[in-house]
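The structure comes first, then the points by topic.

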Amino acid sequence: MPVYQTYTDFSRKGTLKCYFSQANKWIDYEISFNLNREFTRGNKIALHLTGAEQETPFNKHSQKGELDLLYKFHRESHEIFSITGWVSAYESQQELKINFQLYELQ
């Protein structure tokens with residue numbers, strides 16, 4: 001995930017590819033990276049990623065997948081502290097969803 005980049009006005013637009021093994025294909029998302037202007041209660045840097053599945057000639061279905069991820073970084077080292085959220089897609093009108101919960105172990 002390209003999270004280490006320059007954020008003009010605390011935000012940035014981009015694209016992301018995510019592989020869904022249940023559908024055996026890659027899904028493209030248009031995403032917004034939004035860097036919080038203040039540190040979290042735990043004194044972490046927070047980066048919120050949101051987005052929606054890109055429409056292509058091959059996926060013109062009415063329901064679109066979405067993406068919602070929250071990255072938290074250590075304030076001093078900028079190393080990843082946690083990643084939480086989910087990514088979804090639709091295949092044959094059935095929602096496919098990947099939930100993420102990654103935490104630093106002490």
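The model is predicted, so local features need pLDDT of at least 70, side-chain atom pairs count only at pLDDT 80 or more, and totals for chains, interfaces and linings use all residues. Residues are numbered from 1 along each chain as its sequence is written, and side-chain values use heavy atoms, without hydrogens and water.

**Salt bridges**
- The whole structure holds two salt bridges (a side-chain nitrogen of Lys or Arg within 4 Å of a carboxyl oxygen of Asp or Glu).
- K17 pairs with D28, with closest N and O atoms 2.9 Å apart.
- K17 sits in strand 1 (residues 11–20) and D28 in strand 2 (residues 25–35), eleven residues apart. Strands are DSSP runs (E, at least two residues), numbered from the N terminus.
- D28 is partly exposed at 23% relative accessibility, whereas K17 is exposed at 53%.
- K25 bridges to E91, and the closest N and O atoms are 2.9 Å apart.
- K25 lies in strand 2 and E91 in strand 5 (residues 80–91), so this pair ties together parts 66 residues apart in sequence.
- K25 is partly exposed at 29% relative accessibility. E91 is partly exposed at 29%.

**Around S32**
- S32 belongs to strand 2. S32 is buried, with a relative accessible area of 15%.
- S32 touches R12, K13, H48, L49 and T50, leaving out residues up to four places away in sequence. Contact means heavy atoms within 4.5 Å.

Note on methods:
Helix = DSSP H or I, 4+ residues; strand = E, 2+ residues; numbered from the N terminus. Buried < 20%, exposed > 50% of the residue type's maximum accessible area, 1.4 Å probe, protein only.
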